Amino acid sequence: MTSSAMPAKTTRILAALGLGVAATALGTATPASAQPAPVAAHTGYTGSAQEAANNKAFFDAVMKSVAEKQAANPGLQSVTVTYNASAAPSFSSQISSSASIWNSSVSNVKLAATSGTGDFSYREGDDSRGSYASTDGHGSGYVFLDYAQNQQYDSVRVTTHETGHVLGLPDHYEGPCSELMSGGGPGPSCTNSSPDANERARVDQLWANGFAKALAKVNQAR
C-alpha cells in the first residue's frame, strides 16, 4: 500500500484465491453492497516503515493546507478540516458517520463536508492495496476506499480508521479491537468504529500544538 490503514496482505491473498471483485473504474458509483463478500481467514499484518512515512506525509499536507487557510482568515475561531466526498458516492453514509464519530470524539479540530476543493477528498474503486490514505505532499490528499476490503471488514471502521490518518494517527495493527488504529489487525469480526481515549487525546494534542507550529511556519513564510 502507498499508505494503508487496513491490511493489504489479506487483499493479496484474496486475489490469489480468485475471490477478488470485478474491476471497477476509480470514482464510479458501484455500491459496495453490490459486491460479493469474500470469505477468507484473517491473516496478521504488521505494516511497514514506508507506510508510516506516507501516513505522516498525508497528515503534514492536510495540516499545511488548513494552516494556510487559517492564516488567510485570522478571524476563524476554530480549526476545520474540509473534505469532498463526491468521488466516493457508494460510501456517503460511511463517510458521514466517520465525520460524526470524529467530531464527537475530539475538540481541537472538526471535519466538515464541502462541494468545492477540500483539504482532502475521498475516492472509491478496486485496488489490490486495499483502502489507504495518499498525498502528493502538496496538500492534494485523498482517502481511497476499496470495495473488496469494505466487504470483508466493517465499512464504517475502515472509513473512520483511514480518516484517522488525516488527523495524524499512525497505524497500530498489533492493538486490540478497542483501538481504531489497529485497523484489520484484530480480524474482520472487529466492528468498533470509535477511537479510544488515547487516540482521542493524541488527536487533540496534535491539533493544539502541532497546528500552532504549522501556522507559525506559514506566517513566517509570508
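Trainee: Is Tyr83 buried or exposed?

Mentor: This is a predicted model, and every value here is computed from it. A residue is called buried when its relative accessible area is under 20%. Tyr83 has 7% relative accessibility, so Tyr83 counts as buried.

Trainee: How much of the protein is buried?

Mentor: Of the 222 residues in the protein, 49% are buried.

Trainee: Which secondary structure elements does the protein have?

Mentor: Start by counting helices and strands, then read their order along the sequence. The protein has six helices and five strands. Their pattern along the sequence is α-α-β-α-β-β-β-β-α-α-α.

Trainee: In which sense do strand 4 and strand 5 pair?

Mentor: They pair in the antiparallel sense, over four bridges.

Trainee: How many aromatic pairs does the structure hold?

Mentor: The structure holds eight aromatic pairs. One of them joins Tyr83 and Phe120: the pair is tilted, at 5.9 Å centre to centre and 40° between the planes. Tyr83 lies in strand 1 (residues 80-87) and Phe120 in strand 3 (residues 120-125), so this pair ties together parts 37 residues apart in sequence. Phe120 is buried, with a relative accessible area of 2%.

Trainee: What kind of pair do Tyr132 and Phe144 form?

Mentor: Look at the angle between the ring planes; under 30 degrees counts as stacked. Tyr132 and Phe144 have 20° between the planes and lie 5.2 Å centre to centre, a stacked pair. The pair links Tyr132 in strand 4 (residues 132-135) with Phe144 in strand 5 (residues 141-146), twelve residues apart. Both Tyr132 and Phe144 are buried.

Trainee: What sits over the ring of Tyr142?

Mentor: The charged end of Arg123 does, 3.7 Å from the ring centre. Elsewhere, Phe59, Trp207 and Phe211 form one aromatic cluster.

Trainee: Which residues touch the most other members of the largest nonpolar core?

Mentor: Val81, Phe120 and Trp207 do, in a core of 37 residues. The elements that give two or more residues to this core include helix 2 (49-72), strand 1 and helix 6 (197-221). Helix 2 gives the most, with seven residues.

Trainee: Which residues is Val81 in contact with?

Mentor: Leave aside the neighbours within four places in sequence. Val81 is then in contact with residues including Val62, Val66, Leu111, Phe120, Val166 and Trp207.

Trainee: And across the protein, what share of contacts between residues at least 6 apart in sequence join residues at least 24 apart?

Mentor: The share is 70%.

Conventions: Residues numbered from 1 in each chain as written. Predicted model: local features only at pLDDT ≥ 70, side-chain atom pairs only at ≥ 80, totals over all residues. Heavy atoms only, no water. Phe/Tyr/Trp six-rings, centres within 6.5 Å; stacked < 30°, edge-to-face > 60°. Buried < 20%, exposed > 50% of the residue type's maximum accessible area, 1.4 Å probe, protein only. Lys NZ or Arg CZ within 6 Å of the ring centre and 35° of its normal. Core = buried A, V, L, I, M, F, W, Y, C linked by side-chain atoms within 4.5 Å. Contact = heavy atoms within 4.5 Å. Pairing = 2+ DSSP bridges.
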